[in-house]
Amino acid sequence: MSTGRTRALRLTRWGGPPTLTEAARPVPTGEEVLIRVEAAGLCRSDLHVIDAREDDLPYRLPFTLGHEVAGRVLERGPAAAGPAVGERVVVYGPWGCGSCAHCAAGAENYCDRRALLDAGHAGTGAGLGRDGGMADLMLVPSGRLLVPVNGLAAAQAAPLSDAGLTAYHAVATVRPALRSEASASVVVLGVGGLGHLAVQVLRATTSAQVLAVDVREEALALAAECGAHFTTLLHPGTAAALRKRTGGSGAAAVLDFVGDPSSLGLAVDVLRAAGELAVVGSGGGELTVRKPGALPPGTRISLPFWGTLPELEAVAGLALQGSLRVRVEQFALSDAARAITRLRSGEVRGRAVLVPD
């Protein structure tokens, strides 16, 4: 077992910026597993953490950022299970109590004791109050949180643990509505880091007609590359154009990866009766639930969060068989500041990925 120091991108004060610094080399004990990081995704959730003010989040400083992580198992604690030393893995990011009903079913994203973990400042996942993977090495609490991805490039694997998993979970939430008829349509609002993966998941796992909306021409081009049947910019006539594509009845499901007032308004306008609306984006929009009201009768609204461990295994399977490919822009770990700047300015197309250098 070697000792020494390792580099890590750590948040040391609220409001950032994070600092690339040396940290003590982690040593796995008990069920813990140490992985050598090969790639770590950077997303807007990281910006929310970096920009948070004191008391906005129930986490204690300092900690290492990074919740989308792929790497190779380096060492295992004496009681560790799961992938063996040398195996390449992706890390399941949400870390619950491990023993409640949801956690036992692999749904640690919906841990029954999450509020207690928050109250105790215990941290609820990789890079979320606990040390994450924007580092050379990462200590994972248990081998149960690792999914093998041998054969998949690290820069492709890392974003699967959030962007791919969240997109898959959102699709799974509305999938029953898409199985009700062969001609069902689903609208994807926002074709960014998550939306472009949702389009691919929909094409790989459903027979639905995929209609994509964005405010950027380049995002629509990406949606088309990913298999969308129809794309359109957001404009005053968008709702009418989408309804025309559905034969006038409206969409069986809407996946909103934006969540701002304009996207939620469009979702209500294009959803059919007894349709499914999954709000994934956190753009600050609001819906008024009133009966009768603007929402079509029978509407079901969900707020999917991240995804389950079995779903991450399914996502990895789709990627390994070539049905899911992440559009990535790679940066060296030492160049994290530039990656953050580009992400903040909206210049990253797809997902930003940091690779240790």
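**View 1. Strands E14 and E15 run side by side in this predicted model.** Strand E14 (residues 251-256) and strand E15 (residues 271-279) are joined by five bridges in the parallel sense. Look along the pair for Leu 255, which stands opposite Ala 278 in E15.

**View 2. The pair belongs to an open sheet of six strands.** Follow the order E13-E12-E11-E14-E15-E16, where the pairing is parallel. At the edges are strand E13 (230-233) and strand E16 (300-302), each pairing on one side only. From one strand to the next, the twist averages 15°. Helix H6 (residues 195-205) packs on this sheet, where it touches strand E11 (185-189), strand E12 (209-214) and E14. The direction of H6 makes about 165° with that of E11.

**View 3. Helix H5 carries a kink at Ala 172.** The bend is about 35° and comes shortly before the proline Pro 176.

**View 4. Met 138, Leu 178 and Leu 255 touch the most other members of the largest nonpolar core.** This core has 91 residues, and H5 gives the most to it, with eight. Beyond its neighbours within four places in sequence, Met 138 is in contact with several residues, including Val 33, Ile 35, Val 91, Trp 95 and Asp 131.

**View 5. Another core, of 15 residues, lies apart from the largest one.** Among its members are Ala 239, Leu 266, Leu 271 and Val 279.

How values were computed:
Residues numbered from 1 in each chain as written. Predicted model: local features only at pLDDT ≥ 70, side-chain atom pairs only at ≥ 80, totals over all residues. Heavy atoms only, no water. Pairing = 2+ DSSP bridges. Helix = DSSP H or I, 4+ residues; strand = E, 2+ residues; numbered from the N terminus. Axes fitted to C-alpha atoms, helices over the stretch in contact; angles between N-to-C directions. Contact = heavy atoms within 4.5 Å. Bend = angle between axes of the 7 residues up to and from the residue. Core = buried A, V, L, I, M, F, W, Y, C linked by side-chain atoms within 4.5 Å. Buried < 20%, exposed > 50% of the residue type's maximum accessible area, 1.4 Å probe, protein only.
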